Amino acid sequence: MKKQNRTTLLISLICCLAASTACQNQQTQPYDSVDTNTDNDSSSESTVEIDIYDGLRELDFNGYNFNIISYDSDSWNTYTAPEESNGDILNDAAYDRNREVEEMLNISITLQKDVNSESTFKNLVLSGDPDSVDMIIFWSTGERSQYISDGLVYDWNNLPYVKLTSDWYNQTANEAYSIAGTQYFAVSDFTFPIQQHFRILFNKELADDFKISSPYDAVFDGSWTYDHMLGDIKNIYSDLNGNTTADLEDRYGMVLNSAFASAFPLNAGELQVTSGNNGFELNLFSERIVSMVEKIVALNSNSDVYIDKSSENKQYDIFYNKRALYMTYGSDPALLRDVEFDFGYLPYPKYDEDQENYVVWSAGGMMALPASLDDPERTGAIVEALSAASNKYVKDAFINKYIEGKVLRDDESQEIYRMMRSLATYDLSYNIDPSKMLSNYAYYSYYMNNKSADVASRWAQIREQVQLKYDELYNAANN
């Protein structure tokens, strides 16, 4: 398949998703003033000027210190407030962004990293001091419905200057986090480096050795399905150390853990909870979901698959030592820079070919503002400026210079990565789950860990409690 044809198909795939939500999130690259060619014919140009700081340039906040609190970790760097330029691509992009916003609005931006960031944030909000914290950036995983029910966070819809429909906000996150006309969490380009999706990596050398048809071509022509993936991994297992036991020293068709196996239904489009006009709509039991659960539970008995249930991610060792064709991956992309062999980058597969588009279930980058804030105009202006400036400085640096320049190994992976970022789809229940039964893969992990595909019994057991808790959350958001 020629690259031109692949690119055309990718454009078609992205645009077809306009019928749902992801096409809302296709983003241009606006700068202070940008000329955008809207015609495919280069001889006929149309110019659109976008001022990303519209309405912000004349504001002055008298040296206010905008204090952001976030988690403390050696990975998933938020690049929130670099102290200096140091030659690192993302550090310097974030540094330039902050200097521009600080000078324009006459503010300073500081970051408080805290291993107990969420507890600290809650205590600061409850202290009633409006200047103690201005924003929290969350670790990707975590259940946060209490922030709404306890009145700890501010409604983004009430912020002056913030334009949530702008390119620098993820529109599927806006939709997921909108509850009863309120929105207490948002995802913008300010957190672009920590917005991640689940993907599958493949070892190109093993693919050649086993004469696996190009997974790239399957993605581009729409035939990359769950069953296609199972066909690729068939008969790849080998007892390399000869001890007659499947272990870390053997070769596998696929390696993963239970959590990442649980992401297959979500990437097949089965988002668990959506917010309707009169409450939450639950999507946890259907013929399609039962079929998908049966497929993932069957991985437990597939000899070509290694599943790590220890939470130690031993599957990474197998893949990094070139003993697996495919590996599901949900960790920091920075770790992939050290992979010593040539690998490719794929989306999770479709459920089947009747599924029109790939769904790229995503998480990370979730932000909230304290309910104690006393100057919504100031907060709104600063958040909008940082989000817009991140679109100008950080987004391009992350995709073009970092991911494509330092992580991915070929043009096809780069095309697929861009497609996947365009189709990033957020789900409410991953981070906001008052039932404690759905968040962080819990619903589908239950079936994997128990090796049970009895969805009907499980759903009958938990349905009433799940519905009750979500009804209570909806009412709390509406009051």
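**Ground rules.** I worked from a predicted model, where local features need pLDDT of at least 70, side-chain atom pairs count only at pLDDT 80 or more, and totals for chains, interfaces and linings use all residues. Residues are numbered from 1 along each chain as its sequence is written, and side-chain values use heavy atoms, without hydrogens or water.

**Confidence.** I looked up pLDDT, the predictor's confidence in each residue from 0 to 100. The protein has a mean of 90, with 90% of its residues at 70 or more. Residues 14–45 fall below 50, yet this stretch has 76 contacts (heavy atoms within 4.5 Å) beyond near neighbours in sequence. Where pLDDT is low, the predicted coordinates should not be read in detail.

**Sheet.** I numbered helices (H or I, at least four residues) and strands (E, at least two) as DSSP runs from the N terminus. I found an open, mixed sheet of four strands, ordered β2-β1-β3-β15; strands pair if DSSP finds at least two bridges between them. β2 (107–114) and β15 (367–368) are the edges: each has a single partner strand, so one side of each lacks a neighbour in the sheet. β1 (residues 64–71) runs parallel to β2, joined by eight bridges. I69 has Q112 in β2 as its bridge partner.
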